[in-house]
Amino acid sequence: MLKLLKMQRDVDNLIAVQDADKEIRRLKDEVAALPKVVAAIEAKLVGTKAALEKARGAAKADEAAKRQFESVMQDLQGKISKYRDQSLAEKTNDQYKALHHEIQFAEKDIQANEDKILEVMLNVDNRDK
């Protein structure tokens, strides 16, 4: 009976050693796979940084475009003001109509620039999301 108990302890010890060996093998495999995981994470990081730089560049370009459209709009507002002042001094109907036509043309340009600014702002909002 003592021999049987000793054999049972030996079998239990062998099973514990086998379980430890399995765990060691699993951990070694996990450690061996870590460089691949790290490389994949680093590649993703590089891609994300590139996308971030691209988005920053696009944001700067959008801001510059917005400023340009606003500048054009200010110039057009100045022209409209000048044309209105000139129209008050005109004596013929043809000259008045020509100035009124120029005012309408400038107002359409202002509207087109406002639409472009709205497009830029929508692009910014979409990029922020």
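The structure is a predicted model, in which local features need pLDDT of at least 70 and side-chain atom pairs count only at pLDDT 80 or more, while totals for chains, interfaces and linings use all residues. Residues are numbered from 1 along each chain as its sequence is written, and side-chain values use heavy atoms, with hydrogens and water left out.

**Overall form**

- The chain has two helices and zero strands; helices (H or I, at least four residues) and strands (E, at least two) are DSSP runs, numbered from the N terminus.
- The chain is more spread out than a compact globule, because its radius of gyration is 38 Å, well over the 14 Å that the globule rule gives for 129 residues. This radius is taken over C-alpha atoms, and the rule is 2.2 Å times the number of residues to the power 0.38.
- Along the principal axes, the C-alpha atoms fill a box of roughly 130 × 25 × 15 Å.
- Among contacts between residues at least 6 apart in sequence, 72% join residues at least 24 apart; contact means heavy atoms within 4.5 Å.

**Surface and charge**

- Of the 129 residues, 12% count as buried. Buried means under 20% relative accessible area, exposed over 50%, and partly exposed in between (1.4 Å probe, protein chains only).
- The chain exposes about 10,800 Å², and carbon and sulfur atoms supply 59% of that area. Accessible areas come from the Shrake-Rupley method with a 1.4 Å probe; for residues, only the protein chains shown count as cover.
- The chain has 24 positive and 24 negative charges, and their mean positions are 7 Å apart. Lys and Arg count as positive and Asp and Glu as negative, without His and the chain ends; the place of a charge is NZ of Lys, CZ of Arg, CG of Asp or CD of Glu.

**The largest nonpolar core**

- The largest nonpolar core has twelve residues, including Phe 69, Met 73, Leu 76, Leu 99 and Ile 117. Such a core is a set of buried Ala, Val, Leu, Ile, Met, Phe, Trp, Tyr and Cys residues joined through side-chain atoms within 4.5 Å.
- Helix H1 (2–89) and helix H2 (93–128) are the elements that give two or more residues to this core.
- Not counting residues up to four places away in sequence, Ile 117 touches Lys 66, Phe 69, Glu 70 and Met 73.

**Buried residues**

- Asn 113 is found in helix H2 and is buried, with a relative accessible area of 8%. Apart from neighbours within four places in sequence, Asn 113 is in contact with Phe 69, Val 72, Met 73 and Leu 76.
- Ser 87 lies in helix H1 and is buried, at a relative accessible area of 11%. Beyond residues up to four places away in sequence, Ser 87 touches Tyr 96 and Leu 99.

- Leu 88, in helix H1, is exposed, with a relative accessible area of 73%. The C-alpha atoms of Leu 88 and Leu 99 are separated by 9.9 Å, and the two are eleven residues apart along the chain.
- Ala 112, in helix H2, is partly exposed, with a relative accessible area of 33%.
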